[in-house]
Amino acid sequence: MKKHFLIPLNESKLPLLAETIGFNPAQENITRPTGYPYYHWIQTVSGQGSIMFQNKQINLTANNGVLLLPNMAHSYKNEQSDSTPWKTLYLTFGGLMVKEMLITLGLYQSAVFHWEQEAPISTFITNVLKQNGEATDSFSISASSNVYEFLLLLKKYGKTNKSSFKETNHLVTLYSLIDWMKSQLSNPDIGLDEMALFIHTSKRHLNSLFQKNFHITPYAYFVNLRIQQAKKLLLENNSVTIGEIALQVGFRSTSHFVATFRKMVGIPPEKYRRLNGIF
């Protein structure tokens with residue numbers, strides 16, 4: 001019997017939320033030309049299916065799963081006979097902070113993952129479904145913590161399939177750039193020119209490579225890192241002014257920092273402090 005939980009819309013403002021979570025004992029064929037509006041995870045319990053995305057068809061057997069970014073065109077189907085069902089577990093999720101978290105964990109890309117049989121990814125969603133089935137309030141804020149725990153497990157135990165040595169080298173290069181970005185957050189002179197120079201490539205190639213792997217421009221990623229650091233500083237010491245924090249995360253102008261923070265977080269930095277109990 002198909003087991004499926006839908007999280008109510010009144011939790012849509014959580015930092016992380018599970019939109020749906022479930023088990024499908026006979027996964028039907030699905031085609032989504034415009035993708036799915038939430039982040040989408042599907043893994044094989046038993047049997048075998050295949051998924052098509054980014055012009056590649058990949059088989060999904062046990063201990064394999066795929067993470068798809070929102071609106072990523074895809075389709076999947078059972079690769080065995082009707083008498084041998086493809087059993088799957090799935091999780092669709094979103095939230096105000098999910099993109100930021102996936103970027104931080106290095107998971108912000110549509111990708112296929114595999115793991116060892118004994119890894120807790122194999123049983124995590126099943127265990128969550130059992131807990132929800134036993135709870136009086138199946139849709140409490142615990143759903144948010146379930147998404148968080150799942151992403152940490154995927155980061156720790158999941159291994160991505162590398163289609164070529166060249167692609168692997170590209171990711172190594174990009175992650176070295178990200179590490180360098182983190183060391184340059186307070187430097188207001190860092191832009192696309194300096195990023196391209198760091199990895200010895202052109203600005204055009206850097207933009208193309210970064211967007212292909214992370215679906216975001218390198219400069220937008222860098223600004224996101226700065227805002228993450230600003231959030232941390234805002235909560236660490238209430239005696240540090242907004243202007244001082246702006247300088248520490250590479251903004252020459254306090255007004256530019258406040259406008260950027262408001263645009264990305266939804267509220268100005270001072271209000272962010274107050275909502276987190278810092279006065």
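Among contacts between residues at least 6 apart in sequence, 72% join residues at least 24 apart. The model is predicted. The protein has 279 residues, and 46% of them count as buried. Its secondary structure comprises 10 helices and 11 strands.

**Aromatic pairs**

- The whole structure holds 17 aromatic pairs.
- Tyr 76 and Trp 86 form an edge-to-face pair, because their planes stand at 85° and their ring centres are 6.0 Å apart.
- Tyr 76 sits in strand β8 (residues 74-78), while Trp 86 sits in the loop between β8 and β9 (87-94), so this pair ties together parts 10 residues apart in sequence.
- Tyr 76 and Trp 86 are buried.
- Phe 210 and Tyr 221 also pair edge-to-face, because their planes meet at 75°, with ring centres 5.4 Å apart.
- Phe 210 belongs to helix α6 (residues 203-214) and Tyr 221 to helix α7 (residues 218-236), so the pair links parts 11 residues apart in sequence.
- Phe 210 and Tyr 221 are both buried.
- One aromatic cluster is made up of Trp 41, Phe 113, Trp 115, Phe 124 and Phe 150.

- Helix α3 covers residues 142-157, which is 16 residues.
- At 1.5 Å a residue, α3 should span 22 Å, and its end C-alpha atoms are 22 Å apart, so the two values agree.
- The buried residues of α3 are Ala 143, Ser 144, Asn 146, Val 147, Phe 150, Leu 151, Leu 153 and Leu 154.
- An α-helix has 3.6 residues a turn, so residues three or four places apart point the same way.
- Asn 146 lies in helix α3.
- Asn 146 counts as buried because its relative accessibility is 14%, and the cut-off for buried is under 20%.
- Beyond its neighbours within four places in sequence, Asn 146 is in contact with Phe 124 and Val 128.
- Phe 124 is also a member of the aromatic cluster, as is Phe 150.

**Met 195**

- Met 195 is found in helix α5 (residues 192-198).
- Met 195 counts as buried because its relative accessibility is 0%.
- Setting aside neighbours within four places in sequence, Met 195 is in contact with Leu 177, Trp 180, Met 181, Ile 190, Leu 206, Pro 218, Tyr 219 and Phe 222.
- Tyr 219, one of these contacts, is 24 residues from Met 195 along the chain.
- The C-alpha atoms of Met 195 and Tyr 219 are separated by 8.6 Å.

**The largest pocket**

- Rolling a probe the size of a water molecule over the atoms shows where empty space is left.
- The largest pocket has a volume of about 610 Å³.
- The lining of the largest pocket consists of 23 residues.
- Nearest the centre of this pocket lie Leu 96, Met 97, Lys 231, Met 264 and Val 265.
- Four helices each supply at least two residues of the lining: α1 (98-105), α7, α9 (254-265) and α10 (269-275).
- Helix α7 gives the largest share of the lining, five residues.
- Helix α7 also holds Tyr 221, the partner of Phe 210 in the pair described above.

Key: Residues numbered from 1 in each chain as written. Predicted model: local features only at pLDDT ≥ 70, side-chain atom pairs only at ≥ 80, totals over all residues. Heavy atoms only, no water. Phe/Tyr/Trp six-rings, centres within 6.5 Å; stacked < 30°, edge-to-face > 60°. Buried < 20%, exposed > 50% of the residue type's maximum accessible area, 1.4 Å probe, protein only. Contact = heavy atoms within 4.5 Å. 1 Å grid on protein atoms, 1.4 Å probe; cavity = no way out; pocket = protein on both sides within 12 Å on 5 of 7 lines; lining within 4 Å. Points joined across faces, edges and corners; volume = space filled by probe spheres on them. Expected span 1.5 Å × (residues − 1).
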